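Subject: Structure for your review

Dear colleague,

Please find below the structure that I am handing over to you. My notes on what was found in it follow directly after.

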Amino acid sequence: MAAPPPSHLHTILSIFLFLLHLSLLHATLPPSNHPDLAPLLSFKSSSDISNKLSSWKNSSNPCDKSSGFYGVSCLHNRVTGLVLEDLNLHGQFDSLTSLVKLRVLSLKRNRLVGPIPDLSNLTSLKLLFLSYNQISGEFPPLLPSLFRLDLSHNNLSGGIPATLNRLTQLLTLRLEENQFSGSIRFLNLSSLQDFNISMNNVSGEIPASLSGFSDSVFLNNSVLCGFPLLRCKEPEIPSDVSSSPTSLPWTAAVPSNKKSGNNKISTLAIAAIIIGDVLVLALVSLLLYCYFCQKSGEESINEKKNVQQVEKTAYPTPPVSSFEKGRMVFFDGAKRFELEDLLRASAEMLGKGGLGTAYKAVLDDGHVVAVKRLKEVVTGGKREFEQQMEVLGSLRHPNVVSLKAYYFAKDEKLLVYDYMTNGNLFWLLHGNRGPGRTPLNWSTRLKIAAGAARGLAFIHTTGTSVKLIHGNIKSTNILLDKSGNACVSDCGLSSFTPPTAAPRSAGYRAPELSAAGNNRSKPTQKSDIYSFGVLLMELLSGKCPSNVDGSGVLDLPRWVQSVAREEWTAEVFDLELMRYKDIEEEMVQLMNIALSCTSGAVDQRPTMEHVVKMIDDIDGAEEMSPRNDSFDLVSSNSPSVIET
């Protein structure tokens, strides 16, 4: 083969040299111009005397995962979390105040000194952990957006400012083992869940807003008093009032009787009056006792009759004539019993809904069922009702509440279900939001979301000739069994709703079901998916979309969309989820699923089968639990933390 012409060799050589030049340029790129790199490197150069932050390179992007900046987490290419614990860091951390997007800052267990710098630039800061350092100075001015503040085990001194009450969302305030002094009587932080001010020099009375905490959080403050510590002493009246007339002005009203005879007469008179009052009161009491003693026997008999009547009406008995026309119909696998057994059962009302009242019924043999007594329903006749019951009674799935039996008569319609022992999702989320509440953790919420999705997907895809629709997805219709599995209840009952009935569960209703003239559109599988999306938002935000307190219906989808996504963690997600670390990504994934389900365009909503797959793909479905140290979000052996 002939050699290439010289001109071609020259061209090939030129290309080779050009490529070599490019590679050299790439190898000598200038340092990264990331806006957060300079503050980080400045802090490293002044504080990292042990070179524990060797992964922080001058030419790296701190938000590039490949660069591996230890303890740094980012959102939208800005540093939002900095967790640097047990690294023997020295000096001050003023340079970190330039990280304007910082949400989490934890510098626990280092050797930092000096006063806390001005944090006013950190408007997004939610969590601040500076415990176990040598920080001195006075209490710093803080941002009202803080949720967690831990300044314990330092050398801080001075008084605690009244401006601390501006932190209305503060959940944690740890100040123990410092040198704070002055009063704390003014403190009024209604959201506070974790508090400690022991081993300081604070004084005065403990405010009522903090009296619910244990005495251990106030110990070793020598002049602190009030519940739960010792009661504060009343001021003593000096023995010689005239020698210091201005020390206690109210003592001037204390009379000074110099005649001992007058004192004796006065004391005897008072004693005689008291004895006379006691005798009169005893006589009147004896007469009243004799009068009511006779009446009490009659009333006790009447009371027993009333109690029996109340117990009997707790589970109202339908007219006898209706029983003669109906019968109990059981489905496969259901325990069989007579209608009379059901009517004799002890009953407890579980709640009232748009279609009727639900009861917990305990049969004579101890078997427990849930009974729904329908009212104001449109069935189209016995045959149509029976056909619908046959469809619903055939649904058997671990995440669907099974219909075990039904009773139909002209004036009475009863549905018998499995009884779910752990209540419904509504009360788990919204019940007892005050002190003593057990928060619903992230793993449980994710498990409930997945279980409810599987149940609804089964309903939508079950092998029937007609597409089955739930029609009323909401948190009160998501029940939990004894193992904590979510089960969808009240499936298919929306078809019995009268046309003139007011729309129920407005906060969950798809926009296409809104009233149009006098006719209302019927629910579809796509409207079920919209309602399920609202349910997911309720799980994530802790906010109720239903009008349960007269405050109006909350349009959750519109509200979530109105909040910028970078602010979701701080504004949208339930505060109870902030105690769990490393879950922000999963929460955002689930919220994105909720947004797709609540799309205004019906055709753009996913199917429930797809929703199940998306939820199953979320990392973190394994069991999670808070750390043992109360409300401490930051792990000592992990550089990552939830950004809030």
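Helices (H or I, at least four residues) and strands (E, at least two) are DSSP runs, numbered from the N terminus. In these terms, Asp 86 lies in the loop between β2 and β3. Please note that this is a predicted model.

Overall composition

The protein chain has 644 residues, of which 44% count as buried. Its secondary structure comes to 13 helices and 22 strands. Among contacts in the chain with a separation of 6 or more, 50% are accounted for by residues 24 or more positions apart.

Disulfides

Two disulfides were found when the whole structure was searched. Numbered in sequence order, the bonded cysteines of the protein chain pair as 1-2, 3-4.

The link of Cys 63 and Cys 74 is left-handed, with -80 degrees about the S-S bond. Cys 63 has a relative accessibility of 17% and counts as buried, whereas Cys 74 is partly exposed at 25%. The cut-off that separates the two is 20% relative accessible area, since buried means under that value.

Another disulfide joins Cys 225 to Cys 232, with an S to S distance of 1.9 Å. The link of Cys 225 and Cys 232 is right-handed, with 95 degrees about the S-S bond. Here Cys 225 is buried, with a relative accessible area of 18%, and Cys 232 counts as partly exposed at 22%.

Two further cysteines may interest you for their accessibility. Cys 487 counts as buried at 4% relative accessibility, and Cys 597 counts as buried at 0%.

In α2, the residues Leu 37, Pro 39, Leu 40, Leu 41, Phe 43, Lys 44 and Ser 47 are buried. What covers these buried residues includes β1, β2 (78–83) and β3 (90–91).

Backbone features

The peptide bond from Phe 227 to Pro 228 is cis, and its omega is near 15 degrees. Pro 228 is located in the loop between β14 (223–225) and α3 (260–313).

Which residues other than glycine have a positive phi? Asp 86 is one of them, with phi near 55 degrees. Asp 86 is partly exposed, with a relative accessible area of 38%. Arg 109 is another residue other than glycine with a positive phi, again near 55 degrees. Arg 109 is found in the loop between β4 (104–106) and β5 (111–114), and at 27% relative accessibility Arg 109 counts as partly exposed.

Helix packing around α13

How do α8 and α13 cross, left-handed or right-handed? The axes of helix α8 (residues 442–461) and helix α13 (residues 608–616) come within 8 Å and cross at roughly 160 degrees. Angles over 145 degrees count as roughly antiparallel, so α8 is roughly antiparallel to α13. The crossing of these two helices is left-handed. On the α8 side, Ala 449, Ala 450, Ala 453, Arg 454, Leu 456, Ala 457, His 460 and Thr 461 take part in the contact, and they meet Met 608, Glu 609, Val 611, Val 612, Ile 615 and Asp 616 in α13. The residues of this contact divide into nine nonpolar, two polar and three charged.

Helix α12 (residues 584–597) also packs with α13: their axes come within 10 Å and cross at roughly 165 degrees. Helices α12 and α13 are therefore roughly antiparallel to each other. In this case α12 passes α13 in a right-handed crossing. Leu 590, Ile 593, Ser 596 and Cys 597 in α12 meet Val 611, Met 614 and Ile 615 in α13. The residues of the contact of α12 with α13 divide into six nonpolar, one polar and no charged. Cys 597, a member of this contact, is the cysteine given above with 0% relative accessibility.

Yours sincerely

Technical notes
Residues numbered from 1 in each chain as written. Predicted model: local features only at pLDDT ≥ 70, side-chain atom pairs only at ≥ 80, totals over all residues. Heavy atoms only, no water. Disulfide = S-S within 2.5 Å. Buried < 20%, exposed > 50% of the residue type's maximum accessible area, 1.4 Å probe, protein only. Axes fitted to C-alpha atoms, helices over the stretch in contact; angles between N-to-C directions. Parallel < 35°, antiparallel > 145°, perpendicular 65-115°, else oblique. Left-handed = near helix turned anticlockwise from the far one by under 90°. Contact = heavy atoms within 4.5 Å. Nonpolar A, V, L, I, M, F, W, Y, C, P; charged D, E, K, R; others polar.
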